[in-house]
Structure formats: structure tokens, C-alpha cells
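Here is a short briefing on a ligand and the pocket around it. Have the viewer open as you read.

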Amino acid sequence: MTLRTERLRVGVLASGRGSNLQALLDASGRPEYPAEVVIVISDRERAAALDRARAAGVEALFVNPKDFADREAFDLALVAEFTARRVGLVCNAGFMRILSSAYTRAFSGRAMNIHPSLLPAFPGLHAQRQALDYGAKVAGATVHFVDEGPVDTGPIILQASVPVLPNDTEETLSARILVEEHRLYPQAVRLFAEGRLSVEGRRVTWQ
Ligand code: GRF
């Protein structure tokens, strides 16, 4: 009999359709993958992401921001839920709320986000539209650690680029970027789970 060490326990925060969550769930479903999603939390009761979690047999939890006095109290509730499930990494996957330092401090070096641009270009909302409006010829996706900065500022783990084509709309460019997002996120989680990432200041390297 072979004894196998426990896989990295991953918690996911998602507000919407959850296609990046699905990429992580699909990866988790493979026995050789070193991480598993154990809980998905949403701030929106009807988020498709919660349905995807349930369909995969993963705990799905709605935490209502309206039940809390302020942002920090809500964030601390998220920390408590993840901690109770012994989560070793938290992944934001289309989570539409800005996290306070109460949260980012609790998961310092253990929180990732995915963003549909080549950061530091076009942080924040509607990154694909920003790239089109700017006239960028290359766009892409970034997985980064979450730090205490305003939005999308943490050390970059992985990036992938895609071309911006002359007839692109926000939809066509977003779809091209999304293919890369779904490839990058499970890869970044794998590197973390295998203990292969090192962070020195802003520089993230891996062996
Ligand atoms: C993705 O483009 C992600 O990069 C951004 O929000 C979108 C979420 O999409 N942060 P989904 O919910 O994962 O399908």
C-alpha cells in the first residue's frame, strides 16, 4: 500500500460564471494533481460558480455581505470559513469585491488572483475593453499573488499573451484571453502546491 500525502487544500472566491473555477475543479479531479478545491465561497447567492462547485461535489457557500457591518467584518468571516477548512491557498476567480488588508494579511503569500490583462497594464474592471480602447496590439492574462495594494498589484506568477486582432470586439478578445486563463491558473496552483515558487520582493521564480 502506498501512503499519499494530503493534497494542498484550496479555497476559491468567485462572484460570477466561474469558468476559471471550473478549470481548477477539472484539474482537482485528476488524482495526480497536487491540489484540490475544498470550498467555494461567493458573495452572490445565485452565482453560477456555486452551481459548478456543487456539481463537482465541492462545498459551496454563499456569504452575504449584507449580514456584516462593514467590509472588514465580511472579509474576516471569509478568513474564518477558509481557516476552519484548513485551506492552504485561496484563489480569487472573478471575485468582484476588493479585499481589505484584514484578509490580505491573513493570507499573505497564500492568495492568488487571475486578471485578464498583461499587468501592470490595465488593472481593474473591463481590462479587455481598456486594452482595445488603448489600441494595444498584444493582450493577455496574469496570475499574481494578492498583496495589500489597491487592485491587481501583487507579484506576478505567470503570464500569457494573445494578439489583439483588427476586428476584435470586447467579446472576441475576452474569449481568446480566457483560453489562456484556464491554462495558467491550474499551472500556477500546481507550482505553488509543489512548493516550487520562490518570491523575492516582486520577483517570483520557480524551479
Ligand atoms: C476572468 O476574466 C478573470 O480574469 C477576471 O474575471 C473573469 C472571471 O471569469 N478576474 P470566470 O467567472 O472565471 O468565468
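Helix H6 gives the largest share of the lining of the largest pocket, 5 residues. Helices (H or I, at least four residues) and strands (E, at least two) are DSSP runs, numbered from the N terminus. This is a predicted model, in which local features need pLDDT of at least 70 and side-chain atom pairs count only at pLDDT 80 or more, while totals for chains, interfaces and linings use all residues. Residues are numbered from 1 along each chain as its sequence is written, and side-chain values use heavy atoms, with hydrogens and water left out.

**The pocket**

- The volume of the largest pocket is about 1,000 Å³; on a 1 Å grid over the protein atoms alone, a pocket is an open set of points where a 1.4 Å probe fits, with protein on both sides within 12 Å along at least five of seven lines.
- Grid points are joined across faces, edges and corners, and the volume is the space filled by probe spheres set on the points.
- The lining counts 39 residues, and those closest to the pocket centre are Gly94, Phe95, Met96, Ile114 and Pro116; a lining residue has an atom within 4 Å of a point.
- Two or more lining residues come from each of H1 (19-28), S5 (111-115), H5 (127-134) and H6 (170-193).
- By class, the lining holds 14 nonpolar, 17 polar and 8 charged residues; Ala, Val, Leu, Ile, Met, Phe, Trp, Tyr, Cys and Pro count as nonpolar, Asp, Glu, Lys and Arg as charged, and the others, Gly among them, as polar.

**The ligand**

- The ligand sits in the largest pocket, meaning that more than half of its atoms lie within 2 Å of the pocket's grid points.
- H1 and S5 are the elements that give two or more residues to the shell around the ligand.
- Around the ligand are Arg17, Gly18, Ser19, Asn20, Gly94, Ile114, His115, Pro116 and Glu181, each with a heavy atom within 4 Å of it.
- That shell divides into 2 nonpolar, 5 polar and 2 charged residues.

**Polar atoms around the ligand**

- Ser19 places a polar side-chain atom 2.5 Å from a ligand oxygen atom.
- A polar backbone atom of Gly18 is 2.8 Å from an oxygen atom of the ligand.
- A ligand nitrogen atom lies 3.0 Å from a backbone N or O atom of Ile114.

**The loop between S5 and H5**

- Pro120 lies in this loop, and a cis peptide bond with omega of about 10° joins Leu119 and Pro120.
- Phe122 is also found there; although not a glycine, Phe122 has a positive phi of about 55°.

Methods:
Polar contact = N/O pair within 3.5 Å; in protein donor to acceptor, adjacent residues only side chain to side chain.
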